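Me: I would like to go through the terms used for this model and see what each one rests on. Please set the values against the definitions.

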Protein chains: 2
Amino acid sequence: MSAQTEYNELLAKLAEVNDLHKAAALLSWDQQTYMPPKGAKARGEQLATLSALAHRLFTKSQVGDTLQRLAEASAELSPDENKTVELTQWHYDRATRLPEAFVKECSETEAQAFEAWTVAKKNADFKTFQPHLEKLISQARRRADYYGYEGSPYNALLESFERGMTAEKIQPLFAEMAARLSDLTARILASPNQPKTDWLDDTEWAVDRQWDFSILILREMGYDFDAGRQDKSAHPFTTNFDLHDVRVTTRLHPKMLFSGFRSSVHEGGHALYEQGFLDADRRTPLAEAISLGIHESQSRMWENMIGCSRAFWTNYFPRLREHFPQELNDVTLDELVRAVNKVDRTLIRVEADEVTYGIHIVIRFEIELALLEGELEAADIPAAWNAKIKEYLGLDVPDDGVGCLQDVHWSYGAFGYFPTYALGNLYAAQMMPRIEKDLPQLWEQVGRGELLPLREWLRKNVHEVGSRKTAPELIASLTGRGLEAEPFLAYLEKKYGELYRL
Amino acid sequence: MSAQTEYNELLAKLAEVNDLHKAAALLSWDQQTYMPPKGAKARGEQLATLSALAHRLFTKSQVGDTLQRLAEASAELSPDENKTVELTQWHYDRATRLPEAFVKECSETEAQAFEAWTVAKKNADFKTFQPHLEKLISQARRRADYYGYEGSPYNALLESFERGMTAEKIQPLFAEMAARLSDLTARILASPNQPKTDWLDDTEWAVDRQWDFSILILREMGYDFDAGRQDKSAHPFTTNFDLHDVRVTTRLHPKMLFSGFRSSVHEGGHALYEQGFLDADRRTPLAEAISLGIHESQSRMWENMIGCSRAFWTNYFPRLREHFPQELNDVTLDELVRAVNKVDRTLIRVEADEVTYGIHIVIRFEIELALLEGELEAADIPAAWNAKIKEYLGLDVPDDGVGCLQDVHWSYGAFGYFPTYALGNLYAAQMMPRIEKDLPQLWEQVGRGELLPLREWLRKNVHEVGSRKTAPELIASLTGRGLEAEPFLAYLEKKYGELYRL
């Protein structure tokens with residue numbers, strides 16, 4: 001069989017596995033948007049079947065044999081074809097290194113742990129969750145051993161979400177970030193120039209008009225509604241079933257004008273990424289995000305750096321006022337910009353602002369790293385958590401429900417996921433100087449509501465890359481440097497120095 | 001391996017195949033409700049993958065071996081388990097009798113034929129569709145040979161949609177039906193007592209209030225909105241992903257008040273059937289409709305016999321008037337009942353009323369039967385069609401676009417499907433005397449808006465049966481008789497005799 005024939009057979013197999021994953025993604029989307037409540041049991045079964053089948057088809061030994069022969073025939077394949085083989089090999093290795101019995105054991109543990117976590121969080125009762133967490137941590141350590149790693153065992157888990165990234169690269173940057181953000185937060189909160197937000201908090205913001213405004217902004221960002229749609233869900237998310245069918249969801253509260261807006265712009269950033277893959281890469285691993293961190297760089301750049309900028313609101317405040325003429329009659333542009341960027345300490349990660357958000361991530365990363373390296377056990381988590389919250393944010397944690405039990409991630413075994421949220425901010429801030437160099441009129445354009453030049457830059461330099469690079473490779477190619485925290489910290493110190501007149 | 005262990009393995013396989021089919025059903029539902037237009041290509045690929053995988057998994061030779069061993073061990077299995085084995089064997093035989101190359105050839109022919117039909121219908125140009133139809137007919141004949149049959153080759157195709165039914169049983173009944181309906185239609189149209197419908201046709205019926213009324217009626221019918229939902233689509237349909245997730249769609253026109261209402265009640269009847277399967281039968285072939293004809297008996301009983309009855313509107317006319325107080329201010333109950341049951345000849349099946357609908361089906365059945373038995377060829381269809389329309393309806397067919405090209409079914413090779421529409425009416429009318437015997441207060445209850453007793457009767461006597469019986473078996477068990485047209489014809493002659501004072 002020629003290498004090309006063999007490669008085409010690989011593509012057919014990848015297309016089949018891809019279709020199963022995309023079908024599962026639609027089932028999940030429906031579960032979170034339109035599914036009637038009693039449909040949950042069957043939906044769980046269907047998702048389990050699709051996922052097991054995809055795994056079974058992908059990990060067949062023929063796939064491994066094909067990959068091996070294609071690796072030996074690399075001279076006969078194009079660069080994209082070789083990259084596809086390499087990425088598939090990477091996925092194949094990770095999918096086959098975990099013994100089937102171990103995967104089953106983990107699934108069962110996670111299902112029980114999720115149930116226990118739901119109750120434990122509600123009751124702020126860490127003790128009932130602790131035995132589950134012990135199993136989850138033990139499984140995470142074993143998973144790292146199965147995957148294999150260099151340096152910290154944490155790297156083996158990180159690799160699932162952030163290929164090519166290591167704890168050794170992250171650790172010093174995150175330590176510096178926590179210190180600098182902690183200091184910045186303290187200075188912000190000590191400033192006499194606090195934003196005035198009574199107009200914001202005391203008003204009912206009609207959700208249908210919030211909805212209309214969010215659709216308007218998504219369109220302005222260049223999100224293609226012929227290849228996507230926005231719906232409502234309890235937790236906003238982006239999903240795709242193809243680059244021509246990328247959907248976002250949002251959540252609107254009548255008392256929280258900017259929550260829905262930020263969520264739409266955030267998911268819109270994710271969605272532009274997925275709409276921006278290349279048609280030629282469809283149904284192959286090339287049409288996938290580089291990493292969760294790079295994905296998050298897109299959402300956070302749009303949400304925070306663009307959507308909360310003074311330039312953005314210079315153009316869109318009048319448009320927002322068209323939706324809420326009475327409510328915004330007496331509000332000035334300056335008041336709006338300061339309100340949307342209001343900083344405050346909170347115990348809850350998902351309620352955190354742009355400045356304090358990173359602190360929440362560092363705390364989780366430091367705890368996870370210590371857990372994986374055997375320096376911390378499940379029982380130690382509440383004390384470690386509360387000490388770090390006190391150290392970095394100066395807050396006392398009244399109970400574990402708003403402390404170490406607040407996030408769902410650990411309950412389904414997702415150790416190594418949290419850092420990607422903060423890496424998104426770092427990547428975005430590293431990209432921005434390069435964008436400003438390539439688009440010298442960027443902020444004037446944003447100030448006129450011209451958002452498409454930025455989308456085009458991101459499309460060309462990030463989206464269309466697909467999975468051809470790792471995050472470190474992409475950042476190096478765009479900035480000539482490695483991962484750095486300084487651009488992000490400098491951006492925050494400048495922005496909030498001005499907003500709070502520090 | 002014990003029979004029970006082997007049976008459990010069969011169930012696991014059936015559950016997996018079921019989940020793939022249900023996932024595909026959700027993908028189709030989404031395609032017709034919420035999918036953005038550009039998502040169509042990927043959706044087609046995903047549906048093809050799921051369907052091919054389900055077929056591949058189900059037709060594995062191990063499944064056949066398991067079935068054979070279980071058939072030999074029937075003494076060790078319960079009646080329901082034996083019925084599951086028997087039904088699975090039936091499905092397995094039908095799935096494996098068609099050679100793979102033939103299935104592929106049919107798919108390709110159908111894909112091309114569908115495209116050609118779309119254009120041919122628009123241009124009323126039979127000649128361009130004829131070569132495709134020739135292939136489709138030839139394939140239908142070969143399919144019948146592959147499946148095998150007794151009596152007419154048509155029976156082999158009918159079996160796919162109406163297990164246990166034969167052309168020999170249908171033919172004399174349909175011939176009588178066409179003659180009687182043709183006569184009844186002529187008498188109705190000659191009656192001086194035509195309904196007054198200017199109030200209906202000259203009014204704009206706000207679609208949001210039509211929507212609210214349709215939801216109200218679905219609830220009153222006992223449709224469980226915690227296990228289902230209604231959405232909008234171009235063509236109304238019912239689909240399920242589980243008995244606890246059964247969805248309907250409707251289509252609303254501001255100029256057609258009763259079109260949306262009838263469509264909701266019709267789909268509601270289908271949906272009650274699928275919500276009425278037994279929990280214990282989930283993910284097995286027992287939790288499936290007996291046949292398309294029995295399915296249609298449920299929708300048509302609710303739509304026509306209940307939803308268009310005077311008793312129904314005695315209660316629901318005041319409720320409808322709450323939704324349209326001004327529009328219905330001067331309309332009487334009698335005017336409404338006569339308008340909703342208005343009879344008129346039309347060339348188009350989907351626009352036909354309860355009386356003339358059956359005629360359209362008989363025409364299609366007679367042509368299909370002649371095609372399968374080799375008495376008619378594709379080229380003969382337009383002339384045969386037009387002659388029958390003239391004979392039974394007295395209408396001239398101006399062009400094939402509103403004649404033999406109007407329906408999509410043949411373009412995807414669905415010969416043997418049409419009769420099930422009319423069988424639904426016959427089954428419903430055969431059941432009704434038994435229902436009236438078991439529920440002597442039925443019409444008083446309907447007149448008070450108490451629809452649940454009927455739902456309960458149908459649940460117990462039809463829905464929960466699942467696929468344990470064939471349609472002839474079910475009808476025999478409920479009525480002690482075989483398939484008959486007389487109850488349906490007598491019902492129509494009585495109802496319309498009164499409405500039109502014949």
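Predicted model: local features only at pLDDT ≥ 70, side-chain atom pairs only at ≥ 80, totals over all residues.

Reply: A salt bridge is a side-chain nitrogen of Lys or Arg within 4 Å of a carboxyl oxygen of Asp or Glu. Residues are numbered from 1 along each chain as its sequence is written, chains are lettered from A and ligands numbered from 1 in the order in which they are written, and side-chain values use heavy atoms, with hydrogens and water left out.

Me: What makes D30(B) and R247(A) a salt bridge?

Reply: The closest N and O atoms of D30(B) and R247(A) are 2.7 Å apart. The limit is 4 Å, so the pair qualifies.

Me: Why does the pair E16(B) and R56(A) join two chains?

Reply: E16(B) belongs to helix α1 (residues 3-33) of chain B and R56(A) to helix α2 of chain A, so the pair links two chains. The N to O distance in this salt bridge is 2.3 Å. Helices here are DSSP runs of H or I with at least four residues, strands are runs of E with at least two, and both are numbered from the N terminus.

Me: How many residues of chain A and of chain B are in contact with each other, and what area do the chains bury?

Reply: Contact means heavy atoms within 4.5 Å, and on that basis 38 residues of chain A touch 38 residues of chain B. The chains bury about 3200 Å² between them, 54% of it on carbon and sulfur atoms. Buried area is the accessible area (1.4 Å probe) that two parts lose on being put together, summed over both. In chain A, Y34(A), P36(A) and K38(A) lose the most area to chain B, together 17% of what that side buries.

Me: How many residue pairs are in polar contact between the chains, and which helix gives the largest share of chain A's side?

Reply: There are 20 residue pairs in polar contact between chain A and chain B, both residues being at pLDDT 80 or more. A polar contact is a pair of N or O atoms within 3.5 Å; within protein, one must be able to donate a hydrogen and the other to accept it, and residues adjacent in sequence count only if both atoms are side-chain atoms. Of the side of chain A that touches chain B, α2(A) supplies the largest share, ten residues.

Me: Why do β1(B) and β3(B) count as paired?

Reply: Two strands pair if DSSP finds at least two bridges between them. K232(B) stands opposite T250(B) in β3(B). The open sheet has three strands in the order β1-β3-β2 (chain B), with mixed pairing.

Me: What makes β1 and β2 of chain B edge strands?

Reply: Each pairs on one side only, β1 spanning 228-232 and β2 238-242 of chain B. The twist averages 20° from one strand to the next.

Me: How does α2(A) run relative to β2(B)?

Reply: Axes are lines fitted to C-alpha atoms, for helices over the stretch in contact, and angles run from 0 to 180 degrees between N-to-C directions. On that scale α2(A) runs at about 75° to β2(B), lying across β2 and β3 of chain B. Helix α2 (residues 40-58) of chain B lies across β2 and β3 of chain A, at about 75° to β2(A).
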